[in-house]
Amino acid sequence: MNLRAEETVVAFFVFLFLFFGAGTLWQHELQHDFPYGYLASDTFQHQVRAESIKVMGDYQYEAPWIVAGYTDNVGFYPPVLYHLGVALSYGSGLETYDSAYLIVFLFALLASLAAYQLLKRWSGHALLILPFCLLLFAAASYAGFTWGSWPSLVSQAFLLLFAWSVLTKQKFWITGIALSAVALTHTSEVIFAAAFWGTLILYRLWKKEFKKEDWIEAIKTGVLFLLVSFWYLIIFYFTWAKAQPYQFSVVTDWGGTPVVPLGSFGVLLALMLLGLLLLFWKRDTRELGLFVLLMLVFGFGNLFGFDQRAFQLRQFWPVYLGIAAAVGLGFFLSLVRTPKLVSAGIAVLLALAFAFGAPFLPAVQKISSPGIMNPYHWALFQELKEFPDGKMLFFYGDIYGQNAVLRNSQHAPYLVLQQDYVAAVQNATVKRAYSTRLLGDNHGVYYAYRNGFFDFGYRALEVPKDEYHKMMDVCSFDYIVLDTVSSQPVFAQYNKIIAQLLLKNSWIQPAFTNEVAVVLRNSNPGAECLPEEVYVGS
């Protein structure tokens, strides 16, 4: 194929990928006034952590506003995504809520191009994989971006780099760094990488193609991996692995998060199956077929204990299974001895079909939405950041159900629980004490802190079970945040009534007011500011 034609098709794919990925979602703007296109709590989880690292200057500890106010909780999340987001923020001038999100799209693009380069070693029709990679933005796969599977998506880009390095027998330092990047971005993907690597070694041993020098390279790779990853792997072992050990289970639901079903590929499944069979039929592509097959099988890991980790792997199926689909389609083209230039044209047509929709084919989902956040609440959170330390209570707000958003206050957030709140509204009573939860990101790691290199403690296991969820006195808080606008006007009216009652006390004053909320500052926490219960009905 003419090199210029190939480069043109790749450039066209890059344009479509960015246009329909981040471009459409972000209204084709790189810089926004608030977190844009965030559709679920997990997106804010990652945004807040990236911002906290930028504010604190390192990730030795979690920011207190992320972990229920604790100042000694070890930074427990794999750090690569966040450091990349902060680095891009400094280098570009973008806010971390834009830069961290952009990193995810860029690495998904790089993963697609890596899959193309990988297939190019064995197929003259490698360009055909590129349109299938656009299906990363089809329905449930797109939820990986908009709902917050960011670390997993970036980690799977590194997983593809690792697969390329072992399939093409690269130097140990490339393989070791790739595997370390997988672990330091989203550690569960190391299981899939190790399973593939181990199976590949067994296959090469069976073929008597794994020699002494290969063992030496593998050992050096493992040593480098441990050297690079050791510090975090210790943290991982004493946090995630201790609190969430493997247990066999069968899970078919992801708690409301969209799951990619194999059937969503429709008629393309026939191409994928054919391509997978062809990969195993040809001796020189069996190892690549092994990789595709394992990624397919582990995508069903929800049936044997991998629950959401399997669902996250499925979000990258358009790339993994796209390899097989491209091989299958390329087979038909080779039967009629189609010039490679024609296969490039078919790749372009197929990309356009996915992008704009065609009968019987999956299509790119075009989302253009500001998401959960809005400029008025963002202005509220920017103001709350500047408040001195103090206990901060949030009453009901439409967006607070996605509670990671509250960490943008940079205060450990307390939230009145909706069930108690709704009951009070229905009874037309304002109370002095509400059922309240101290929110924090423990993700099952129990607010872990470090006593020594191999000695960890767990704050959540050292306090009574009701420490983070109990009745609390409104008057004990330094700040009370009340939304005055809601999709349910009765809630907004109720919050306004609470504000009016509290402002009858001289020591409680408005600290901030805008179009959607009022923040009250209590200069005498603990003093009686409300009766035990007051009826406010008409």
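Buried means under 20% relative accessible area, exposed over 50%, and partly exposed in between. Alanine 428 has a relative accessible area of 18%, so it counts as buried. This is a predicted model. In this model, alanine 428 lies in the loop between H17 and strand S3 (429-431). Its phi is near 55 degrees, a positive value in a residue other than glycine.

Alanine 139 also has a positive phi, of about 40 degrees, although it is not a glycine. Alanine 139 sits in helix H6, residues 139-146. Is alanine 139 buried or partly exposed? At 47% relative accessibility, alanine 139 counts as partly exposed.

## A helix enclosed by others

Helix H12 covers residues 286-298. Its 13 residues should span 18 Å at 1.5 Å a residue.

How much of H12 is buried? The count is 10 of its 13 residues, so H12 is largely enclosed by the rest of the structure. The buried residues are Glu287, Leu288, Gly289, Leu290, Phe291, Val292, Leu294, Met295, Leu296 and Phe298. They pack against helices H4 (96-120), H7 (150-167), H9, H11 (268-281), H13 (307-314) and H14 (317-335).

## A nonpolar surface patch

Helix H9 (189-206) and helix H10 (212-243) each supply at least two of its residues. Which helix gives the most? H10 does, with five residues.

Tryptophan 215 is found in helix H10. Its relative accessible area is 41%, so tryptophan 215 is partly exposed. An α-helix has 3.6 residues a turn, so residues three or four places apart point the same way.

## The disulfide

The structure holds one disulfide. It joins cysteine 475 to cysteine 529, with an S to S distance of 2.1 Å. The pair links distant parts of the chain, 54 residues apart. Cysteine 475 is in the loop between strand S7 (469-473) and strand S8 (479-483). Cysteine 529 is in the loop between strand S10 (517-522) and strand S11 (533-535).

The angle about the S-S bond is -95 degrees, and the link of cysteine 475 and cysteine 529 is left-handed. Both cysteine 475 and cysteine 529 are buried. Another cysteine, cysteine 133, is buried too, with a relative accessible area of 0%.

## Salt bridges

Side chains of opposite charge can pair when their charged atoms come close. How many salt bridges does a search of the whole structure find? It finds 13 salt bridges. One of them joins the side chains of glutamate 62 and arginine 49, at 3.2 Å from N to O. This pair links distant parts of the chain, 13 residues apart. Glutamate 62 is in the loop between helix H2 (41-56) and helix H3 (80-92), and arginine 49 is in helix H2. Both glutamate 62 and arginine 49 are buried.

Glutamate 209 forms a salt bridge with lysine 207, their closest N and O atoms being 3.0 Å apart. Glutamate 209 is partly exposed, with a relative accessible area of 28%. Lysine 207 is buried, at 18%. Arginine 459 pairs with glutamate 462 in a further salt bridge, the closest N and O atoms being 3.6 Å apart. Arginine 459 counts as partly exposed at 23% relative accessibility. Glutamate 462 is partly exposed as well, at 45%. Elsewhere, salt bridges that share partners join Arg49, Glu62, Arg407 and Asp441 into one network.

## A buried tyrosine

Tyrosine 421 has its place in helix H17, residues 418-426. Tyrosine 421 is buried, with a relative accessible area of 0%. Which residues does tyrosine 421 touch, not counting those up to four places away in sequence? They are Phe395, Tyr396, Val416, Phe491, Tyr494 and Asn495.

Tyrosine 421 and lysine 431 are 10 residues apart in sequence. Their C-alpha atoms are 9.7 Å apart in space.

Key
Residues numbered from 1 in each chain as written. Predicted model: local features only at pLDDT ≥ 70, side-chain atom pairs only at ≥ 80, totals over all residues. Heavy atoms only, no water. Helix = DSSP H or I, 4+ residues; strand = E, 2+ residues; numbered from the N terminus. Buried < 20%, exposed > 50% of the residue type's maximum accessible area, 1.4 Å probe, protein only. Expected span 1.5 Å × (residues − 1). Contact = heavy atoms within 4.5 Å. Disulfide = S-S within 2.5 Å. Salt bridge = Lys/Arg side-chain N within 4 Å of Asp/Glu carboxyl O.
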